[in-house]
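This briefing sets out selected side-chain features of the structure shown below. The points are grouped by topic.

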Amino acid sequence: MDTELLLTFLTVAQSGGISAAARTLHRSQPAITERLQKLSQMVGEPLTMRHGRGIQLTPAGEALLSTAQRMRDVIDEFEDIMLRRQRLQSGVLRIVATNTVANYFLPERLVSFQRQFPDIELQLRGGVIDWSSIALSDWDLYFLEGGLDLEGLPSYYSVTPWLDDEIMTIFPEGHSLLQQAELTLENLMPYPLIWREPGSGIRRSVEKVFQEARLTPRQSIEVTGVEAVGAAVDAGLGIGFVTAAALRCRQDWRVVARRLPAPLGIQWTLYMARPQPAYQSHTIRAFLEFLDTGTVHLQQAGV
């Protein structure tokens with residue numbers, strides 16, 4: 001079925017004649033007549049008949065009229081949905097992220113994005129430790145602590161670097177090592193250390209640095225999440241490792257930060273899994289463009 005035939009018939013019926021429908025549709029009268037003839041051939045009987053200077057519907061035309069109107073309503077609804085999505089007046093953005101990213105890197109960005117596009121619904125699931133527990137098809141963007149391969153990630157997704165950050169070594173206030181002018185990783189070995197859960201990107205990065213230094217630190221205390229590390233160090237249970245972004249947000253922690261190993265410290269990269277451009281919705285594309293500009297502004301502001 002050619003929907004244009006049915007919509008042309010509807011316009012003719014509503015306008016009362018071929019010439020009026022031609023003006024409405026910006027088509028010639030022969031073109032309108034040809035469409036009506038094609039539709040009549042498909043139905044198998046005439047749909048209109050001459051009536052004075054206009055037309056009137058035959059019984060077959062009357063029977064078809066309500067169907068043509070429903071077709072018009074559906075097309076109008078479809079066009080409205082598409083227009084609203086293109087204007088970002090409708091849409092859903094579904095994001096899943098690790099604990100650190102969800103707590104310290106996304107909130108400011110999501111708030112700014114929602115202020116700019118208030119009609120977009122945001123869905124965020126944070127604190128992901130085991131990616132195998134996530135139904136990947138239910139989400140749009142994935143924020144990771146490291147370039148991990150997500151098993152089951154659709155083939156049209158790619159994992160790319162998103163943001164660089166630094167991992168700081170934090171000590172309880174008054175810790176004896178803070179009296180030393182220069183600290184090394186070796187200095188940490190006799191002391192209890194606070195570790196993140198095994199799947200943490202921060203933990204992997206710290207363990208890599210110790211391995212490269214041929215050091216085997218004590219597995220003193222293991223906790224889940226950045227907040228737990230900060231609380232444990234604040235309480236004096238040991239020395240921990242947290243992202244610099246967390247320290248900027250949690251200035252209430254009674255801790256002292258040092259860059260180890262000196263002078264560069266531990267640099268790490270956050271990653272994002274995103275659909276390739278051809279598979280991005282208007283909402284995803286707008287958010288990615290927003291991240292490209294918004295992240296720069298936040299970094300300049302020290303966030």
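At 31% relative accessibility, methionine 82 counts as partly exposed, because that class lies between the buried limit of under 20% and the exposed limit of over 50%. The structure is a predicted model.

**Surface patch**

- Methionine 82 lies in helix α4, which spans residues 59–86.
- Together with Phe78 and Ile81, Met82 forms a nonpolar patch on the surface.
- The accessible area of Phe78, Ile81 and Met82 together is about 270 Å².

**Nonpolar cores**

- In soluble globular proteins, nonpolar side chains tend to be buried together.
- The largest nonpolar core in this model comprises 58 residues.
- Leu141, Phe143, Trp162, Leu188, Phe210 and Phe287 have the most contacts inside that core.
- Beyond its neighbours within four places in sequence, leucine 141 is in contact with Leu93, Arg94, Ile95, Val96, Met272, Ala273, Arg274, Pro275, Ile284, Phe287 and Leu288.
- A second, separate core has 17 residues, including Ala22, Ile32, Ala60 and Ala68.

**Aromatic pairs**

- A search of the whole structure returns 10 aromatic pairs.
- One of them joins phenylalanine 113 and phenylalanine 117, whose ring centres are 5.0 Å apart; the planes meet at 50 degrees, so the pair is tilted.
- Phenylalanine 113 is buried, with a relative accessible area of 1%, and phenylalanine 117 also counts as buried, at 16%.
- The rings of tyrosine 156 and tyrosine 157 have centres 5.3 Å apart and planes at 45 degrees, so this pair is likewise tilted.
- Within the tyrosine pair, tyrosine 156 counts as partly exposed at 33% relative accessibility, whereas tyrosine 157 is buried at 11%.
- Ring pairs also link Phe113 and Phe117 with Phe287 and Phe290 into a cluster.

**Proline 275**

- Proline 275 is found in strand β11, which covers residues 266–275.
- At 2% relative accessibility, proline 275 counts as buried.
- Its contacts, leaving aside neighbours within four places in sequence, are Asp140, Leu141, Tyr156, Tyr157, Gln280 and Ile284.
- Both members of the tilted tyrosine pair, Tyr156 and Tyr157, are thus among the contacts of proline 275.
- Proline 275 and proline 154 are 121 residues apart in sequence, with a C-alpha to C-alpha distance of 8.4 Å in space.

**Two buried threonines**

- Threonine 169 is placed in strand β6, residues 157–172, and is buried at 0% relative accessibility.
- Apart from neighbours within four places in sequence, threonine 169 is in contact with Leu188, Ile239, Gly240, Phe241, Val256, Ala257, Arg258 and Leu260.
- Threonine 243 belongs to strand β9, residues 240–243, and is buried with a relative accessible area of 0%.
- Apart from neighbours within four places in sequence, threonine 243 is in contact with Thr100, Phe105, Asp165, Glu166, Ile167, Ile202 and Trp268.

Definitions and conventions. Residues numbered from 1 in each chain as written. Predicted model: local features only at pLDDT ≥ 70, side-chain atom pairs only at ≥ 80, totals over all residues. Heavy atoms only, no water. Phe/Tyr/Trp six-rings, centres within 6.5 Å; stacked < 30°, edge-to-face > 60°. Buried < 20%, exposed > 50% of the residue type's maximum accessible area, 1.4 Å probe, protein only. Helix = DSSP H or I, 4+ residues; strand = E, 2+ residues; numbered from the N terminus. Contact = heavy atoms within 4.5 Å. Core = buried A, V, L, I, M, F, W, Y, C linked by side-chain atoms within 4.5 Å. Patch = residues over 30% accessible without salt bridge, like charges linked within 9 Å, V, L, I, M, F, W, Y side chains within 5 Å. Areas by Shrake-Rupley, 256 points an atom, 1.4 Å probe, with all protein chains shown as cover. Salt bridge = Lys/Arg side-chain N within 4 Å of Asp/Glu carboxyl O.
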